[in-house]
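Biologist: Could you take me through this structure feature by feature, giving the general idea before the particular case?

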Amino acid sequence: MTRPTAAPSLLGVFAHPDDESLLAGGVLAQHAAAGACTAVVTATWTADSHRAPELAEALKVLGAGAPRLLGYADARNPASAPGGAVRLVDAPLDEAVGRLVGHIREVRPDIVVGHDALGQLTGHPDHRRAHQITLLAVAAAGLPHLYPDAGEPWQPAVLYAATHAESGVGPLGPLLQSVGKSVLAAPDAYVTTTVDVAPWAAVKWAAILAHRSEVARPRSLPGLLARLPEAERDEINCTESFTRLSLGPAPGDPHRLIA
């Protein structure tokens, strides 16, 4: 796989189709536009589900390659796995980590981006499980004695958890509360990196719209965003926040993802 020259390579790891576009669509588009290798692993919804083609379209819009599916079912939706795959939250942890390690070693990213420990505002159990699996897989991918059949070891430089600061939830909070959803935001001090993705907002929105079945649902976030005036939607979509999870101090520019 060709290594990037203008920006660090980026692998997103998210629980559901549409999480990648909602939480990190801007930075995925930003890095792809700069010539970086970008890819996305999706933990739930299988290749024979109706959302797999929508995911493929969204990733094409973002420049993030073809879908990479771990092959598990959504905790709350049996239709996510027509073939009867086990739910992500019920899958053996070691098995799920090993599957993700294989993708990390194949893509060889400088940066991995995933969910935060809260489960992304609404606390979805798949989000929390994906966070746990990603933490373990990023650590294991560089260790040759772990998962030796999953490819040559590769250690990403850093993991960023997509998150929302308590002071930065803005109109997203009332929007989710209007349909009875919780709003779990991180303390402001936990947010290390805030990226202005306004230059890629149109690409990000096109990727969100590719998830047509979610846009059609009145209580889903894509559906809620689609019914907002454009100015309010842009206020929500044009900033992406992250917590840098690494052993060393956070270097450099606080407004960019840095490997």
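**Strands, helix and surface**

Modeller: In this predicted model, strand β1 (residues 10-14) and strand β2 (residues 38-44) pair in the parallel sense over five bridges, and within that pairing L10 stands opposite T38 in β2.

Biologist: What is the order of the strands in the open sheet?

Modeller: As a general idea, strands of a sheet pair through backbone hydrogen bonds, either parallel or antiparallel. Here seven strands form an open sheet with mixed pairing, in the order β3-β2-β1-β4-β5-β7-β6. Because β3 (68-72) and β6 (193-196) stand at the edges and have a single partner strand each, one side of each is left without a neighbour in the sheet. Direction ignored, neighbouring strands of this sheet are turned against each other by 25 degrees on average. Further along that order, β4 (residues 111-114) and β5 (residues 158-163) run parallel and are joined by four bridges, with Y160 in β5 as the bridge partner of V113.

Biologist: Which residues lie on each side of β1, and are they buried or exposed?

Modeller: In a regular strand the side chains alternate between the two faces of the sheet. For β1, L10, G12 and F14 lie on one side and L11 and V13 on the other, and all are buried, which leaves both faces covered.

Biologist: Which residues of helix α6 are buried, and what covers them?

Modeller: An α-helix has 3.6 residues a turn, so residues three or four places apart point the same way. In α6 (residues 201-210), the buried residues are A201, K204, W205, A207, I208 and A210. Their cover includes the helices α1 (19-33), α2 (52-62), α7 (212-215), α8 (221-226) and α9 (230-237), together with strand β7 (239-245).

Biologist: Where is V197 found, and which residues does V197 touch?

Modeller: V197 is found in the loop between β6 and α6, and because its relative accessible area is 0%, V197 counts as buried. Leaving aside residues up to four places away in sequence, V197 touches G26, V27, N237, C238, T239 and E240. R76, by contrast, is 121 residues from V197 in sequence and 31 Å away in space, C-alpha to C-alpha.

Biologist: Which residues form the nonpolar patch on the surface?

Modeller: That patch is formed by L93, L135, L136 and L245, which together have about 290 Å² of accessible area.

Terms used: Residues are numbered from 1 along each chain as its sequence is written. This is a predicted model: local features need pLDDT of at least 70, side-chain atom pairs count only at pLDDT 80 or more; totals for chains, interfaces and linings use all residues. Side-chain values use heavy atoms; hydrogens and water are left out. Two strands pair if DSSP finds at least two bridges between them. Helices (H or I, at least four residues) and strands (E, at least two) are DSSP runs, numbered from the N terminus. Axes are lines fitted to C-alpha atoms, for helices over the stretch in contact, and angles run from 0 to 180 degrees between N-to-C directions. Buried means under 20% relative accessible area, exposed over 50%, partly exposed in between (1.4 Å probe, protein chains only). Contact means heavy atoms within 4.5 Å. Patches are made of residues with over 30% relative accessible area and no salt bridge: like charges are joined within 9 Å, nonpolar side chains (Val, Leu, Ile, Met, Phe, Trp, Tyr) within 5 Å. Accessible areas come from the Shrake-Rupley method with a 1.4 Å probe; for residues, only the protein chains shown count as cover. A salt bridge is a side-chain nitrogen of Lys or Arg within 4 Å of a carboxyl oxygen of Asp or Glu.
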